[in-house]
Amino acid sequence: MATIQPSFANAAEFFNSLLDAFDDDDRVTWLFTVELVRCLGLLADSLRRGDDERGGRAMEKLNALDGMAARVFSDDASLLVGLLKQVADGFRRASIYRPLNALSDLNPDRRSKLLAYARGQFSRGRGILWTSQLQGLERLLRDSSFALCTPTGSGKTLVANMALVKELLLRGHKDVAPLAIYLVPSRALAGEVEAKLRGELGDEMIVTGLYGGADWGITDYWLSGEQPTVLIVTVEKADALMRYLGPLLLGRLRLVVIDEAHQVVPEGGENTRISFSEHRNRSLRLESFISRVLARRPDVVRIALTAVAGGASLPVARWVEGRPDAEAVGVRYRSTRQVIGVLETTPNRPCRILLDIMNGRPLYLRGEEQPVYLRLRIEQMPQLPAGMRNSLNRFNSLTVLWTALHLVEEDQRILISVAQEPEQTMRWFKEALELPTWATAPGFSAPDGELRGRYDEARAACIDYCGVDSFELALLDRGIATSHGQMPQRLRRLMTEMIEGRICPITVATATLTEGVNLPFDLILLSSLKRRSWDAENEQQIITPLSTAEFRNLAGRAGRPGAARGIEGMTLIALPTTISTTADSFVGVQRRQRRDLVTDYEQLRTALLIEERDADAVESPLAMLLTAIRDRAISVLGLPPNRFLDWLDQVLPPNISPEAGEGASGLRARLADSLDELDGVLLAALEEVARADEVSMTGAEAEAQLIELWRRTFTAVAAAQEEWMEQAFIRRGRAVVETVYPDADERRRLYQYGFSPIVGRRFEGVAPQIRVLMAAAHSYGVDDASTRLRVFEQIGMLLSNDRGFGFRGARHGRRSGAARKLAGRAGMVDASSGRRWT
């Protein structure tokens with residue numbers, strides 16, 4: 001080829017000279033390449049701008065180039081052009097502009113705002129939609145209420161945001177500022193949703209979060225504001241809002257978004273039945289709240305966002321849409337590959353990985369049906385001292401840490417999820433990293449520049465809150481971030497920055513970090529599938545297996561699009577292939593522990609595969625509560641089964657047990673408290689009707705209202721329920737009005753307290769004293785910190801001796817609602833570590 005001179009008068013002269021330098025065949029190839037690049041550039045620009053006309057012309061030309069390539073060029077070149085054409089066509093069909101343009105037809109005056117939103121999504125790398133998002137937006141354009149059921153990380157939030165835009169901004173609302181309730185299962189997720197919504201839609205609507213630690217009052221600007229409003233709430237806060245502001249709330253309500261809606265499906269087993277008697281079952285709260293809203297406002301739009309879990313997709317869709325033939329949107333789509341498997345740990349041998357499940361299906365070699373193993377080419381972990389090897393859990397956990405330290409060198413971001421006793425695990429890790437034999441483990445270098453400033457701030461906060469000798473600081477110095485429930489919010493946020501900024505490649509955390517939050521993990525490692533806590537009342541250990549819903553939520557954090565580097569997320573459970581001890585006294589114990597670990601995994605694996613099948617029937621909270629009450633009445637009281645409904649018409653919880661409402665754990669007390677929980681559900685529903693309609697609630701009116709409410713419950717659609725359940729629900733509700741709580745004024749007070757009725761009656765004994773203390777604190781706003789704290793100490797003394805509404809000691813590590821609110825305001829001391837969390 002001839003030499004090209006570097007100096008030309010203009011671009012055209014340069015281009016012509018360039019063509020002259022080629023022979024005929026090369027000239028055709030060059031011209032084709034130029035046109036292909038131009039075409040792709042025009043397509044990319046039209047996608048970014050949402051210019052369908054120019055994009056259409058570019059696709060016509062790309063189709064022509066594809067035809068030419070098939071006739072003129074080699075098979076390889078033709079295949080490449082064909083693939084480019086298919087990708088470009090797929091990108092055009094998946095552009096966010098298409099559904100948003102269609103949505104703007106509802107209100108053309110808002111079109112420019114929607115297009116600006118689409119451009120913002122492109123700037124964040126979200127302009128090309130996932131399949132599940134396309135299906136969800138298509139359904140949003142066609143219908144109002146529906147359930148979007150796809151695995152974690154498949155882009156459900158965008159659909160929810162567009163539902164907010166449709167119902168709050170595009171619909172016509174006369175004389176009222178529309179309001180949406182966005183229900184989330186945890187404070188961590190609430191904070192993330194609030195931040196994202198404010199960033200994307202905060203200029204168009206009021207976005208406010210009301211969840212644990214976030215208070216509100218009658219002066220809050222969203223109550224009387226004229227702008228559309230989104231309330232991001234946990235179900236507990238939503239219930240409190242309904243009791244305090246029900247008519248105002250329902251009058252403005254236009255949309256309810258239920259995030260992680262599959263959590264309405266309760267876990268089976270005795271722990272769930274106990275949670276009813278302890279008034280802490282969140283599945284029941286969710287079913288009760290949504291059912292009451294639907295009974296009062298059947299026209300309100302409902303959007304359920306849920307992962308594929310527990311076969312819940314079909315029942316959730318029927319519940320949300322209110323139709324027996326409803327089906328969920330996008331059930332099977334996954335935006336990344338999700339792999340679940342085993343990290344096999346063996347003393348004095350390298351680990352290997354068993355890949356067991358991929359995208360919900362068993363993984364094996366085709367034609368051989370053999371497991372898929374991956375050998376890790378990393379340095380073997382040095383033999384641990386005997387004291388460390390004598391604990392199988394410790395050996396397993398330290399093998400996980402050793403593996404994580406080496407996999408980081410392959411640019412992996414790793415979460416070590418701790419199901420129990422995080423401080424013990426952190427101590428084990430610190431002591432192992434200090435062993436001389438671990439000196440060869442990969443090290444950590446703090447970052448430079450701006451990231452170094454963030455790291456130093458996190459380190460300083462860690463010293464301030466935890467101390468210079470803390471496990472958290474020792475691990476942070478090795479590039480390992482930590483997060484657990486006892487960590488103060490500021491330090492937790494800084495640790496999250498260490499993860500998001502990829503400053504710390506390894507994270508050791510409990511579930512408080514990962515509930516619904518996007519973080520950049522490629523690999524998640526677990527050493528146990530059980531949680532352990534201490535029951536101080538009965539002086540015994542409580543062992544609870546991780547539910548499949550909890551495990552799916554955790555596994556869904558790996559490989560999330562836009563957060564992790566790859567397109568695959570892997571979750572591995574560490575299982576020892578043999579015991580780690582050589583001491584005879586520990587051999588028997590470790591063999592049993594190893595069998596339990598393997599059994600736990602096999603049971604989880606089986607349950608996960610079963611749940612991948614669509615199911616027509618799942619457990620429901622209300623059905624479980626009714627069944628628990630009936631079974632306990634028969635077994636504990638000796639009640640004949642055919643007398644249950646008659647018994648339910650007249651029994652009072654205190655007549656079952658004098659310890660009703662005290663948080664006692666006896667069988668009769670559990671039965672009484674479970675019945676009290678049912679009474680709370682019924683009383684709330686009936687009182688909301690009485691208050692809204694300004695009617696005097698009679699037995700006949702209660703029966704009519706509860707028949708309608710039952711139709712709106714998740715229980716009514718979750719399974720083919722036995723006839724006695726509906727009868728029990730309605731008859732007990734009538735009894736609440738006629739027999740159990742016949743005084744309308746008392747029902748109103750008990751409803752407003754927010755406790756179950758029997759606990760509310762107990763609370764009435766101290767409520768006047770609390771009001772006196774609050775009224776006396778008239779200078780609270782200008783008082784010093786010690787004077788303010790004294791107010792809460794005085795209130796705390798009134799609460800401390802009652803286990804019904806006050807402090808419940810150490811059972812499950814929980815406090816009652818009143819106690820949690822007091823602790824959140826006054827600051828509490830963690831007795832186990834001496835740390836003060838504020």
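**Exercise 1. What volume does the second largest pocket have, and which residues line it?**

Step 1. The second largest pocket holds about 410 Å³ of space. This is a predicted model, in which local features need pLDDT of at least 70 and side-chain atom pairs pLDDT 80 or more, while totals for chains, interfaces and linings use all residues. Residues are numbered from 1 along each chain as its sequence is written, and side-chain values use heavy atoms, without hydrogens and water.

Step 2. On a 1 Å grid over the protein atoms alone, a pocket is an open set of points with protein on both sides within 12 Å along at least five of seven lines, a cavity is a set where a 1.4 Å probe fits but cannot get out, and lining residues have an atom within 4 Å of a point. Points are joined across faces, edges and corners, and the volume is the space filled by probe spheres set on them.

Step 3. Of the 19 lining residues, Asn393, Gln420, Arg532, Gln593 and Leu597 lie nearest the centre of the pocket. H16, H17, strand S15 (530–535), strand S16 (540–545) and helix H23 (584–611) each supply at least two lining residues, and H23 gives the most, with five. Helices (H or I, at least four residues) and strands (E, at least two) are DSSP runs, numbered from the N terminus.

Step 4. The lining divides into four nonpolar, nine polar and six charged residues. Here Ala, Val, Leu, Ile, Met, Phe, Trp, Tyr, Cys and Pro count as nonpolar, Asp, Glu, Lys and Arg as charged, and the others, Gly among them, as polar.

**Exercise 2. How do helices H12 and H27 cross, and which residues make the contact?**

Step 1. The axes of H12 (270–277) and H27 (667–693) come within 7 Å and cross at roughly 70 degrees. Axes are lines fitted to C-alpha atoms, for helices over the stretch in contact, and angles run from 0 to 180 degrees between N-to-C directions.

Step 2. H12 is therefore roughly perpendicular to H27; angles under 35 degrees count as roughly parallel, over 145 as roughly antiparallel, 65 to 115 as roughly perpendicular and the rest as oblique.

Step 3. Arg273, Ile274, Phe276 and Ser277 of H12 contact (heavy atoms within 4.5 Å) Arg670, Asp673, Ser674 and Glu677 of H27. These residues divide into two nonpolar, two polar and four charged.

Step 4. Thr272, Ile274, Ser275, Phe276 and Ser277 are the buried residues of H12, where buried means under 20% relative accessible area, exposed over 50% and partly exposed in between (1.4 Å probe, protein chains only). They pack against helix H13 (282–296), helix H24 (621–637) and H27.
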